[in-house]
Amino acid sequence: MLYRLVLAEYFSSSTLFFPHNMDFRGRVYPISPLLNHMGDDVNRSILKFARGKVLGDRGLSWLKLHCINLTGKLKRQPVEERLKVAEEKLELMIDSAENPLDGSRWWMESEEPWQTLAACIEVRDAVKSPRPEEFVSHLPIHQDGSCNGLQHYAALGRDRGGGSEVNLLPLPSPSDVYSSVAARVEERRKMDEEKGVEIALRLREKMKEAVPRKVIKQTVMTTVYGVTMYGAVLQIKKQLKAIGMEGVEAAEFGSYLAKHTFDSLSDAFTSSMQLKNWLRECARGISDLMVPVEWVTPLGLPVMQPYTKHASKKGRLILLPIMSKQENAFPPNLVHSLDSTHMMLTALHVSHRGLTFAAVHDCFWTHAADVDVMGEECRKQFVALHQEDLVKGFSQQMKDSYLPLLSEKTDRKKFNDLFSPKV
C-alpha cells in the first residue's frame with residue numbers, strides 16, 4: 001500500500017501511459033504491476049483521465065449515478081430510481097467530500113469506499129461550480145457487464161431465457177443474475193425441506209433467512225469459466241465461514257448449496273449450459289487426436305491453448321496436449337476471446353467518435369459527458385459481433401482444422417458429428 005501511494009505521489013503531476021500485454025486469448029492487461037486501473041478500489045480511486053471534458057447536459061447526472069452505483073446497494077433498481085436516490089443523498093455526498101473523516105462518513109458504507117469518495121469530491125466540485133454543465137470533469141465513469149461470460153453464452157446459444165437474466169433484453173428494471181440464482185437455490189431448499197430432507201431444515205435454522213446472494217455469487221460468476229464442483233464447494237464454504245459458520249458445518253452446507261447452484265444455473269441457462277457441454281466434448285475429441293485446441297476469433301486473432309507437455313518419441317521431443325486442461329479450459333477461453341473481441345471493437349468505434357476510453361475486460365470507462373455514446377456503441381458492437389452465427393463458424397473451423405488429420409472414413413464421420421453443434 002505504501003509503495004503504491006509513493007508511486008502515485010511521485011507521478012501526481014505527470015500524464016501516465018499504461019502499455020498493455022495481450023494474452024493468447026486477446027485479453028489485455030497493464031504491464032505496470034503496482035499502479036494501474038485494473039487494480040483494486042484504492043488503485044482506481046487515485047487515477048483520473050489526463051484530459052478533462054465538460055459535463056454538458058447529462059454529465060452531472062452520470063456523475064451522481066456513478067456515485068450511487070459504486071455503493072452496490074441499488075443493483076436491481078432502474079436508473080430513474082437510482083437518480084432519485086442520488087438527489088436524496090446529494091448532501092451526504094458533499095459532506096463526504098468536505099469532511100471525509102469528521103462528517104457522517106457516508107462514503108465508508110459503500111462496497112467501493114475509496115472510489116465513492118473520489119466520486120463524491122467530483123460531484124461536490126461540479127455542483128459548487130458556477131455553471132455545472134461547463135465543469136471540466138476528469139473522473140472515469142464505469143459501465144460494467146452483467147456477468148459477461150453468461151452474456152456471451154446466452155447470445156451464442158440464442159438463449160432468450162438466460163439472456164433476460166443478464167440484461168440482454170429490454171426490461172423495465174435491471175436483472176441481477178446472482179439474486180435470481182440465489183432465489184432458485186432457496187426454492188430448491190424449500191422443496192427439500194417440505195420433503196423432510198434434514199440438511200435443508202438445518203440450513204434454514206442456521207441461516208434464519210433465504211440463501212444470501214453473496215454466498216453463491218462467486219460460483220455463478222466462475223461457472224462459465226470452468227469452475228468444477230470441487231471448486232464451487234470451496235467457494236461457497238469460504239462465504240459461509242465469512243458469515244459465521246464453523247468449518248465442518250460450512251463444508252457440509254457448501255456441498256449441498258453447490259449442487260443446487262449448478263442445477264439452478266442449468267434451469268436458468270438451458271441452451272447456454274448445453275453449449276458449454278458441447279464445447280467440452282469437442283475439446284476432449286481434439287485432445288484424443290494429440291493436438292491442442294485452436295480457433296480464430298471474429299477479429300482474426302489465431303488462438304491456441306498452451307496447455308501442453310514435452311514427451312519423447314523416437315529419440316526426439318514432441319509437445320502433447322494436457323487433455324484435462326484442454327477440455328476444461330476451452331469453453332472459458334473461447335468466451336474470453338469473445339469478450340476481448342467485443343472490448344476491442346468498442347474501443348475502436350468510440351475512439352473514432354472522439355471518446356477517451358479505458359477498460360477492464362467487460363468494464364468500460366469514459367468521461368461522464370460521453371457515457372451515453374459509449375453505452376450505445378457497446379451495445380451496437382455486441383449485437384454486431386453476435387449477428388453472425390458464431391457457433392456455426394467455430395464448428396466449421398474445427399472441421400477444417402481437424403478432419404484432415406483423420407484417414408479413416410469412420411473416424412471422419414464420428415468427428416464430423418462431434419463438431420456439429422448440438423444447440
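Helices (H or I, at least four residues) and strands (E, at least two) are taken here as DSSP runs, numbered from the N terminus. The structure is a predicted model, in which local features need pLDDT of at least 70 and side-chain atom pairs count only at pLDDT 80 or more, while totals for chains, interfaces and linings use all residues. Residues are numbered from 1 along each chain as its sequence is written, and side-chain values use heavy atoms, with hydrogens and water left out.

The UniProt record, an unreviewed entry, places the feature "domain: DNA-directed RNA polymerase C-terminal" at residues 53-403; such positions are given in the numbering used here, feature names are shortened, and annotations may be inferred rather than shown by experiment. Over residues 53-403 the chain is 62% helix and 9% strand, with the end C-alpha atoms 54 Å apart.

A nonpolar core is a set of buried Ala, Val, Leu, Ile, Met, Phe, Trp, Tyr and Cys residues joined through side-chain atoms within 4.5 Å, where buried means under 20% relative accessible area (1.4 Å probe, protein chains only), exposed over 50%, and partly exposed in between. The largest nonpolar core holds 59 residues, of which Leu150, Val177, Leu240, Leu257, Phe330 and Phe419 touch the most other members. Helix α13 (residues 247-268) gives the most to this core, with 8 residues. Beyond its neighbours within four places in sequence, Leu257 is in contact (heavy atoms within 4.5 Å) with Val185, Leu203, Val211, Val215, Ile236 and Leu240. A second, separate core of 26 residues includes Leu60, Leu63, Leu65 and Trp106.

On a 1 Å grid over the protein atoms alone, a cavity is a set of points where a 1.4 Å probe fits but cannot get out, and a pocket is an open set with protein on both sides within 12 Å along at least five of seven lines; lining residues have an atom within 4 Å of a point. Grid points are joined across faces, edges and corners, and a volume is the space filled by probe spheres set on the points. The structure holds 2 cavities of 30 Å³ or more. About 70 Å³ of space lies in the largest cavity, whose lining includes Arg44, His66, Gln115, His142 and Trp365; α6 supplies the largest share of that lining, 3 residues. The second largest cavity, of about 30 Å³, is lined by Arg27, Val28, Asp339, Ser340, Met343 and His361, and α15 gives the most to this lining, with 3 residues.
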